[in-house]
Amino acid sequence: SSWRRAAEIGPEDASWRLILNTVTSNMKLYCLSGHPTLPCNILKFKSTTIMLDCGLDMTSTLNFLPLPLVQSPRLCNLPGWSLKDGNAFLDKELKECSGHVFVDSVPEFCLPETELIDLSTVDVILISNYHCMMALPYITEHTGFTGTVYATEPTVQIGRLLMEELVNFIERVPKAQSASLWKNKDIQRLLPSPLKDAVEVSTWRRCYTMQEVNSALSKIQLVGYSQKIELFGAVQVTPLSSGYALGSSNWIIQSHYEKVSYVSGSSLLTTHPQPMDQASLKNSDVLVLTGLTQIPTANPDGMVGEFCSNLALTVRNGGNVLVPCYPSGVIYDLLECLYQYIDSAGLSSIPFYFISPVANSSLEFSQIFAEWLCHNKQSKVYLPEPPFPHAELIQTNKLKHYPSIHGDFSNDFRQPCVVFTGHPSLRFGDVVHFMELWGKSSLNTVIFTEPDFSYLEALAPYQPLAMKCIYCPIDTRLNFIQVSKLLKEVQPLHVVCPEQYTQPPPAQSHRMDLMIDCQPPPMSYRRAEVLALPFKRRYEKIEIMPELADSLVPMEIKPGISLATVSAVLHTKDNKHVLQPPPRPAQPTSGKKRKRVSDDVPDCKVLKPLLSGSIPVEQFVQTLEKHGFSDVKVEDTAKGHIVLLQEAETLIQIEEDSTHIICDSDEMLRVRLRDLVLKFLQKF
Amino acid sequence: MDPECSRLLPALCAVLADPSQAVADDTCLEKLLDWFKTVTEAGSSLLLLQENPCLVDLLSHVLDLKPQDVSPRVLSFSLCLAGTFAAQEDCFEYLQQGQLLLGLFGEAGPLSWAAWSVPTVRSGWIRGLRSLARHPSGLHFLGDSGALDALFSLQGDSSLFVASAASQLLVHVLALSMQGKAAGSPSPQGSAWPTCAQKIVDHVEACLCSTAAPQVTQALNVLTTTFGRCHSPWTEVLWGQLSPLVAHLLESDPIPAAHSLVDLLLSVARSGPRDMAVGGPSSPVFASADCGLWETMARMLSCLSPTQAGPLALGTLKVQHCPQALKSQAFKILLQPLVCILRATAQAPGPPGLLDETTEGGSMTVDTLLSSKSACVGLLCQTLAHLEELQPLPQRPLPWPQTLLVEAAVIVLQLCDGLAAPSSSEGGRLCGALAGCVRVQRAALDFLGTLSQGTSSWELMPQVFAVLLETLESPASSPTVLKKAFQATLRWLLDSPSPPTCLNLGPHAPLFLKELFPVLQKRLCSPCWEVRDSALEFLTHLTACWGGEADFREVLLASEVPKLTWQLLRDPESYVRASAVTAMGQLSSQGLQAASESSGHPEGQQGLVGELLHILSVDSEGFPRRAVARVFTEWLRDSHADVTRDTQWFVATVLQMVSRDLDWEVRAQGLELVQVFLAQTLGQPNPNCPYAVTLPKVTPPSPLPEVLRTLCQLHIFDFVFRALFDCDRPVAQKACDLLLFLKDKTAPCRGLQEPGDSSDVTSVEATLQRWQAGEQGEPLGNLEPEEVLAALRSMDLKGLQSRLAESSDHVEKSPQSLLQDVLATVAVLEENVADCY
C-alpha cells in the first residue's frame, strides 16, 4: 500500500532547533513607501523575497504647474519666484500663483525607496489592485528585476488603462523645460513650504514611456481568486477577493505551518466588485494591513447623496459640473447612481461627458469582467443584460465619451453639462482645460470625488477661482469600525500596519476611534524601515516516502499514541524535505563497480530497542524486596527519587527522564538491577 | 336568547362534543364565548342552562370523553364557558350539584390530563376560574379545590400569557376575598386574613424570601398588580407586612429582579397619594414616614446601576406627593449621564449647584458611562427619552435646568456629528463612542425639539441653530436623522420665545434662515426620497406659520426653493409628489410662488392650477391626487386668487375629475370641496348643538333658486347623488350629510315646485334607484332645480343616514349567523374529507 505519513519535528529535537533559528532571523518586512494607501513593501519569508504592491505616490505632482492642453495665457504669465533678497535665479523654474510657488516643469513622481534592499533580488511582485501597480515600470525596468509579477486579469487590464492615460496625458503636452536647480539640497532649504519640506526630491522621476509600460506588463502572470501559486516549493501565495475594485485582491502567503495575510484596499460595502473574502484570512500569524479609507469620517452613501444634490443644484441653475476622476473605479458607481437619479431630478436632458484617452475601453472592459463582479451584476449577464447601466446611458445618448477635448467633442459640446475627466490632481489631462474654461464663473461647480489628493492643494494653481468647489470624497475602503470587526473575526496573532493607522489623524487628534485598536497593539512601519516580524517558526513539514512508511511498525504506548522508530536519510531539495529509506547494508563490493557518492553513507548499526514508560517507586521497591534486597530505603529528591541499597552500597537514581544505577564495580549486580528496572518499561 | 339561536344550539353542541368533527378555527369559538357572555350578562344563566340542556350536556360530555380524545380547543372553550355560567351564584350552585365544576377545575380534571401540556387549555382553565371567581361560593370553591396551588405553579409557566393570567387571577382572588372583609381590616399580625388571602400572602412572603430570582419576580409582579389596582385599607396593611421583606431584597448584590422591584415601588408610590386625596382620615398612609416607602426608594435609587435606576428615577419624579429630597436625588440620577458628558467635554457648568452636588455624589464617572459603546448609547438614549417625557409635565422638578439640558443636547449632537473637539481624553473616547451614532442622534434631536418650549431658551438659540444647521448640512446625516432635525428646527423656529424687545422673528431667526435655505435647497435635490419628503414637509409647515413674515418671504423668494418645489411635482416618488403638492399649495396661498413664474419656468406659464389638475387627472398613485384635492379645498375656503378668477369653472372641473377617481379618499375630499362651496353660496350649516350660540343668519349672496340652478349646471347634484350610493361607506355618509344640509337649506323653497308636476321626479328617482342597485353607468342628465328639490323631499335621508352609521358587518355579526357559520364550516370540512376518498 502506498500511503504517506507526515512527521512533525519540533524544536524539542536538538538537531533541528538550529536550523529553525536561522530561518526565524530572516522574517522581515522592508517598507519602501510611506503612503498608506499606495503601499510598496517587501516580505522576506522563508527563502523567498516577495514585493507586496508597488504604488506610486503622485502627490508630488501637486508641486508642479498644470500642463494645459491649450495654451493658457494665465499660466504663461505667472510671475517667476525670487528669494527674499530679490535674487531671481530660480524665476525660470519656479512660478508664483496666489501666494503659492510651483515648479514649472514636467511633473515628477515620488518612487518607492530603491536603496533599502537590492530590488534585483525580488522574486515575485504581488499586485492587489490597479491603483497599487502604478510604479511597476520603474521597478521592473530599472532595477535588474528578473522575477514574475502576479495579478488578476481586470487589475492588469485596468492598470494598463490607468498607465496609458497617465503617459498620454503627459506626453501629449511636451514641455521643453525641465527644472532641476531647485532640487539642490542647499537651494531647496530656501524655498517656501511645501517645496521646502518635499522628501527625497532627488529621487523624483518623470513619467515612464509606453514601451516601459508594455515591457513591465509583459512580466505579469494572470491569476484567479483562490488560485494557489507555489513559489519555489517554499511558500504558496493565493489572491482573495477584496471587494474594493474590479479584480482587487488580498493575498495569503503561507507555508505549511505559517500564514501571512496581506490586506490592501478592501471594502465591505456592496458596490460593483465581488464581495470581500474574509473567511480565508482566519488563523493568520501576521496580518499586514494597508489601504484603509483615506477619509475615515465620511460615509460613502452620504457623499454620493451630496454629489447628486450639488450636481443637480448646479445644473438647474444653468451651471456646468466638472468631476475630476480616474477613468475606472468609483466612476462606475457614480454613473449608476446618476442613472437612477437623473430622471427623478429632472436632469434627463443634461449631457454627461466622459473624456479620457481610455474612456471607451474603460466603459467596455467594465461590462466584460462579469466573473469579477458582485452577484447582482453577474446574474444580469445571464438575462442577458449589460451588468452596468452606463450601457443604457450611452445608448440613449445621455452619456457620451471622447478620447480628448479635441475632435468630435468640440462639435457635440453643449452646456450646461457634466464632465467626468482626469486627472484628479488637476495637473495634467483634459481637466486642466475645463478648470481654465469654467473657473471664472460662480455658476459652475467642481466636485471632487477621488480621495487621493487634497482638493485645496489641487486647486492652488487655479486661484483665484470663482467656481464653486464641493468636496465629497468617495472612498469605499475599510474604515476603522470595519477594521476592528474584521480583526475580531479573523483574529490574527499580530497586525502590522503603516504608522498613520496607529494614531488618530493629526487634524482630529481627539478621535481615538480613528485608529486601529487591537490586542496585542499593531506593529507599525514607516518609509525606509525594516521590521523583523514577531513571528516564530516552529515546525517544518517532512514527507516520508511510501516504502519507508510501509516498513514502520508503530506501537501503541498510550491509548491514541503510537510510536515507531525511523531510520532514514533526510533529503532536502527545492525547500521540500523527504525522508527516504536508508541504503541497504553495503554488499561486499566486487571491486568492478565504482562506488557512487550517494552510496557513501555510514552503515546502519543494529538498533537497540527504545524504552518508554515510568517506574512506580513503591512497586519497584516491592520487586527489589522480592528479589532479596532487604535494606531498601527511598529518598525523595527535587527531580524524583533515590532508591538506596545500603548493604550493597548501591543507589538507583530515578528521575523523570533518566534512571541511573550507581554501584561500584559489581557488574553482575548492575545487570540484575537493570533487568529489574527494565521490567517496568516498554520496549519498542 | 332568540328562538332561532336556541334551535341551532343543540346541533352546535353536538358538533363540539364530537371528537371526530374538528372546529376550523379558534376565532369562532372566541366569538361564541363573547356571545355567551353578553347573553349571561343580560339574563339569568340558570334559566339559560335549564332552557338549553344541551349546554350542560356538552360540559359533562367533555368530562366523560377519554382525556386523549378531547380536542384542546374544545376543552379550553368548555372551561371558559363553564366559568361564564358559574359567574352567577345560583348557576354556580346548579353546576356544583352535578360536581361538574369540580370535575372541570378540580385536581382530577384537565389538570391531570395530557392535554394540560397545551397552553390553550391552561389558559382556558385560568379564564374559566377568573369568570367563576365573582362570589363567596366561587371563592370557597377556589380555596377547597386546590386551584390556588395550581395557580402558584402556573405563575412560572413557559407560556407568558398563561403565567401573566395566573398572576392576574391571584391578584383578583386576593382582592375578592378581602372585599368580603370590608367590615374589619386585618390586623398587622395577619390573623384576620381570610383563608384564601392568607394562603396567597403566605405564598408571596415565601417567594420574597426565596433565593431564586424567578420566584421573587413572580411575587413582585403579584404585588405590583395588587397595588396598582386596589386602593383599600387592607393594601396598606399588606404593604406594612411585606415592606421589610422587600427592603431586605435590596441587601443582596446584585439586586434580584430589579426591574420588577422598580415596578412594585412605583406602583406602591402611585397608589398611596391618590387614596390620600380621595379618602379621609382613614386613608392609607403609604407616604408616611413610618412605612419606609421613600427610604426604600432612596436606597434602591442609590444601589441600582444607572440604566436600571433611570426608570425608577423617572417614575419617582412623576409621583406627585413624593418628598423633595427623594425628588432631587432621582433628578440627579436622571441628569447624571448628561452632567458627565458636559464635564468630560469641559462645557461651562450649568446653574450652580446641580453639577457641584452631583460631583459630591460622584456616583458616575465617564468610565461607567463608557464601559462599552452599546451601554453608553443605550443609557444616553434612555436618559434623553426620560427627560423628554418629563419636560412638559407640571410636576417636573424645579428649578428646571433648561440651560444645562439644552447645552447637553447640543454637545451630544456635536459628539454624534464628530464636530466636538474635546481636549480631555474622556471627551475623545466619548467622541469615538458616539460619532455617527444614529440612535443617539435621533433621541437627542427629539429631546432638543421638546426643549424649544422652555423659558430663557432664546439666549441659547445661536448654539442650537448652529448644531441643527450642522446636522442638516452634514452629508453623513441619515434620512431619519434629517427628518428629526427638520422637526426640531421647526419647533425651535416656531415655538421658541423671542426676546421681549423684539417684534417679529427675533434677532437670530432671520440670520439662521439665510443659512438654512441653501441647505434646504440641497436637501430638496437629495437622491433619497425620504429626505426630499421631509424637506418639503418642513417647508410647508414653516410657510404656513411664517408666510406673512417679511424676513421669511425675502429669504424664500431669493432662493431656489419655490422653483425646486415646483419641479418636485413631477418627482418619481408618489409621497414626494404629494408633499410637493401640499407645499406648492401652501406657497401659492401665501403668494410665494411668484419667483418661479417670473423666472420663465416653462411650467410656470401653464399655471399651478393646470399643473395640479394634471396630477389630479393622470397621477397613478393616490397620495398626490388626495393632496391636490385637499389643496383645492383649502384654496376654495381661503378664496385663493386662482380660484376666485372663475370659481364655478374651478369647482366643475375639479368635481368632474374627482368623481371618476378610484380612490375613495379623493372622492370624499371632493365632497368636502362641495361642502365648502355650498357653505359659501348657501351660508353655513345650522349648528346641530341646541345650546350653540345662534349666529345671525347669513343670507346667501344670490337668491336660492338661482343658486340651485347654478348647482345643477355645475353637475354638483349628479356628483353628490352618485356619492350617496358609493361603495365606500365614508363617502356615502358624507354625501348623505351634504344632502341633508341641502334639504335643510332648501326647505324655504317649497313653493318653487308646481304641484302635480311629478313625472320628472319619477324618472330621477328611477335613476337613483338603479344607481343604488349598482348600475351607475347611466347619467342623471340635466337636472332642473325642481326635480332636485322633489327628489330630496322624497328621499328618506335620515333613515339612510342611520343605516350608514351602522358598521358594514352588522348583518354578519349576529349570533345566528355565527352559529350558522360554525355549523357550515364543519359541514364543508366533512365534504372535503369525503372528496378525498
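The side chains of Arg511(A) and Asp513(A) form a salt bridge, with N and O 2.9 Å apart. By salt bridge I mean a side-chain nitrogen of Lys or Arg within 4 Å of a carboxyl oxygen of Asp or Glu. Arg511(A) is buried, at a relative accessible area of 6%, while Asp513(A) is partly exposed, at 23%. Buried stands for under 20% relative accessible area, exposed for over 50%, and partly exposed for what lies in between, with a 1.4 Å probe and protein chains only. As a reminder, side chains of opposite charge can pair when their charged atoms come close.

Before going on, the ground rules. This is a predicted model, where local features need pLDDT of at least 70 and side-chain atom pairs count only at pLDDT 80 or more, while totals for chains, interfaces and linings use all residues. Residues are numbered from 1 along each chain as its sequence is written, chains are lettered from A and ligands numbered from 1 in the order in which they are written, and side-chain values use heavy atoms, with hydrogens and water left out.

Back to salt bridges. How many does the structure hold over all chains? The count is 39.

One pairs Asp619(B) with Arg577(B), N to O at 2.6 Å. That pair links distant parts of the chain, 42 residues apart: Asp619(B) sits in the loop between α34 (608–618) and α35 (622–637), and Arg577(B) in helix α31 (residues 574–589). Helices here are DSSP runs of H or I with at least four residues, strands are runs of E with at least two, and both are numbered from the N terminus. Are Asp619(B) and Arg577(B) buried or exposed? Both are buried.

The other joins Glu672(B) to Arg637(B), with the closest N and O atoms 3.3 Å apart. It also links distant parts of the chain, since Glu672(B) is in helix α38 (residues 664–682) and Arg637(B) in helix α35, 35 residues apart. Arg637(B) has 38% relative accessibility, so it counts as partly exposed.

Staying in chain B, which residues form a positive surface patch? They are Lys37(B), Arg130(B), Arg134(B) and Arg229(B). A patch is made of residues with over 30% relative accessible area and no salt bridge, with like charges joined within 9 Å and nonpolar side chains (Val, Leu, Ile, Met, Phe, Trp, Tyr) within 5 Å. Lys and Arg count as positive and Asp and Glu as negative, and His and the chain ends are not counted. The place of a charge is NZ of Lys, CZ of Arg, CG of Asp or CD of Glu. The areas come from the Shrake-Rupley method with a 1.4 Å probe, and for residues only the protein chains shown count as cover.

Now chain A. An unreviewed UniProt entry lists residues 331–459 of chain A as "domain: Beta-Casp"; such positions are given in the numbering used here, feature names are shortened, and annotations may be inferred rather than shown by experiment. In the model this span is 43% helix and 12% strand, and its end C-alpha atoms lie 21 Å apart.

Tyr339(A) is in helix α8 (residues 330–344) of chain A and is partly exposed, at 27%. Tyr339(A) and Lys398(A) are 59 residues apart in sequence and 9.3 Å apart in space, C-alpha to C-alpha. Leu443(A), in the loop between α13 (431–438) and β19 (445–448), is partly exposed at 42%. Its C-alpha atom is separated by 6.5 Å from that of Met467(A), 24 residues apart along the chain.

Last, some backbone details. Gln463(A) and Pro464(A) are joined by a cis peptide bond, omega about -5°, and Pro464(A) is in the loop between α14 (455–459) and β20 (468–471). Another cis bond runs from Gln519(A) to Pro520(A), with omega near -10°; Pro520(A) is in the loop between β21 (494–498) and β22 (523–525).

Asp53(A) is not a glycine, yet has a positive phi of about 65°. Asp53(A) is found in the loop between β4 (48–52) and α2 (73–76) and is buried, at 0%. Gln491(A), also not a glycine, has a positive phi of about 45°. Gln491(A) lies in the loop between α15 (480–490) and β21 and is exposed, at 58%.
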